[in-house]
Amino acid sequence: MSADLKNGRIVVVGASLAGLRAAEKLRDEGFTGSLTMVGEESQLPYDRPPLSKQVLLGRVRAEDTGLPRRREVGAQWKLGIRATGVDPIGKHLVLADGEQLPYDRLLIATGTRARPWPNPGEGALDGVFTLRTSDDAARLAERFDAGPRRVLVIGAGFTGSEIASACRERGLEVTVAERGPAPLVGALGGALGALAARLQLAHGVDLRCGVTVTALNGRNGRLTGAELSDGSRIEADVAVVALGAMRNTEWLAASGLAAGPRGLACDAGCRAFDMYGIVTDDVFVAGDVARFPHPLFEYQMLSLEHWGNAVEQAEVAAHNMVNPGPLRRPHLAVPAFWSSQFGLNIKSVGVPTFSDQVVIAQGSLEERRLVAVYGYRGRITAAVSVNRAKWLEHYQRLIETAAPFPPEPAAVDQPASSTPVPSDVPDPKLLSHGPTVALTGHQPDRRLTLMRWSG
Amino acid sequence: MKIVVDLNRCQGYAQCAFLAPQVFEMHGEEALRYTPLAPEDQSERVRRAAAACPVQAILVEEEAGPGVR
């Protein structure tokens, strides 16, 4: 049985970080069968985090972020072609050109795409961008090189905030419009959201919170500015729509799999559920498109848009694709991500939005150097550091062991006050930026909220 | 030579920025910026930087020949 699993046909849909790391792991684990990688983009797998940072700063060309390989994968690559469906009974993947790719086991790692501007006519104006792909970044960096008079960033999540940071570092005027009360508040809650707001203002960002962009204006097909819900208008020749990501699951609508706007549900071993909540044994999921249960967060299904999760989940999925039941492993990694913006290094472990309270455990907001620890019903569920990354490992261990909240006072860098305050995580519906960590309840078969952006 | 740094793992020790300053640099106190495609004349320095990283966060791929996938 186990020998069979090391052979046969594996198809990986999605040729980005998760797909590549899974392919490498499959070969590491001794898979000698045929491996086919299908990718909608025409490039070989590349790294996305530099796109909103080094690339927008003009220091690195967008086409130069190709991911290094850990090993040769010996795959057949079908790039620049989209998968349009899967037949789980006939066991084949259907491609946009009608080709049917038979598989014995399938890995779905189709990730996300940028949420477009809701008004297609306005979104098509020259000067309106989203940022997700290498091509997006190349076009936007080129526009920044041309020296626009003002850039409008719509949505102050991590991507929007990093774009604003790059603008200021390049000396470009930038307005950030966010429906929520502060930048990053959807991922980090109120206290650090307030810090992010102060940081943006101190760096000369024209930050507008509590407003929505009601219209993008253009003349002769070119963007000229925007109207805001508070009645104000701004002139801008570039607008970047940073309203979060949408999971690439529509192509699975007729597959019978438990796919919806929050992702494709799977078990702790990355096996996809079908729409009745029954686990499949030959369809696996990894990366941003996966929705999976996590024991540290009451087995709620998590949807993560994290680089680290893509790698770790891909490795678990690949291991489980070529090993029999008793040798399979669960995906239990503690979620973690980073962002660098306005000269600060922000890192997170755990799930900050799974919290009711937060305490500054070390450092202070004033110093812009701190560790914030988040708790839920008396246990530690997350920690976020600002220029204090070396401390996070300690808190990660506390999260993994469900240590009591608030934490014991730290040996160094004790804050002036260590009274927990409400973590103030807003309902994601109230934000412009989508959550990069979404807690999506317990039911694998629920297709869940359809997010409609009503301006 | 292709490079990727696992920035979850990176803790800003800055060994790489000392050993290969044209490829790795610190931005602020602990944020690392790097050039994902390093020029070939930097290869030796990049290899040394990867080896010296205290948390082994740097992954490097030597230039593969054409057609090697």
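**View 1. A:R377 sits in the loop between strand 27 (369-376) and strand 28 (379-386) of chain A.** Strands are DSSP runs of E with at least two residues, helices are runs of H or I with at least four residues, and both are numbered from the N terminus. The model is predicted: local features need pLDDT of at least 70, side-chain atom pairs count only at pLDDT 80 or more, and totals for chains, interfaces and linings use all residues. Residues are numbered from 1 along each chain as its sequence is written, chains are lettered from A and ligands numbered from 1 in the order in which they are written, and side-chain values use heavy atoms, with hydrogens and water left out. A:R377 is not a glycine, yet its phi is positive, at about 50°. Its relative accessibility is 66%, so A:R377 counts as exposed. Exposed means over 50% relative accessible area, buried under 20%, and partly exposed in between (1.4 Å probe, protein chains only).

**View 2. A:K91 lies in the loop between strand 4 (83-87) and strand 5 (92-95) of chain A.** A:K91 also has a positive phi without being a glycine; the angle is about 55°. The residue is partly exposed, with a relative accessible area of 26%.

**View 3. A cis peptide bond links A:F405 to A:P406.** Omega is about -5° at this bond. A:P406 belongs to the loop between helix 9 (392-400) and strand 29 (421-422) of chain A.

**View 4. A:V283 is a buried residue of strand 21 (residues 279-285) in chain A.** Its relative accessible area is 1%. Which residues does A:V283 touch, not counting residues up to four places away in sequence? They are A:Y103, A:L106, A:I108, A:L257, A:C270, A:R271 and A:A272. Contact means heavy atoms within 4.5 Å. A:D104 is 179 residues from A:V283 along the chain, but their C-alpha atoms are separated by 9.0 Å.

**View 5. Chain A is assigned three domains: domain 1 (2-53 + 64-113 + 246-327), domain 2 (115-244) and domain 3 (336-426).** The bounds come from an automatic or database domain assignment. Between domain 1 and domain 3 of chain A, the contact takes 9 residues from domain 1 and 12 residues from domain 3. The C-alpha centres of these two domains lie 32 Å apart.

**View 6. Chain A holds 9 helices and 30 strands.** Its radius of gyration is 22 Å, close to the 23 Å that the globule rule gives for 455 residues, so chain A is as compact as a globular protein of that length. The radius is taken over C-alpha atoms, and the rule is 2.2 Å times the number of residues to the power 0.38. Buried residues make up 61% of the 455. Of the contacts between residues at least 6 apart in sequence, 67% join residues at least 24 apart.

**View 7. Chain B runs β-α-β-β-α-β from the N terminus.** That pattern contains 2 helices and 4 strands. Of its 69 residues, 46% are buried. Chain B exposes about 3,400 Å², and carbon and sulfur atoms supply 51% of this area. Accessible areas come from the Shrake-Rupley method with a 1.4 Å probe; for residues, only the protein chains shown count as cover.
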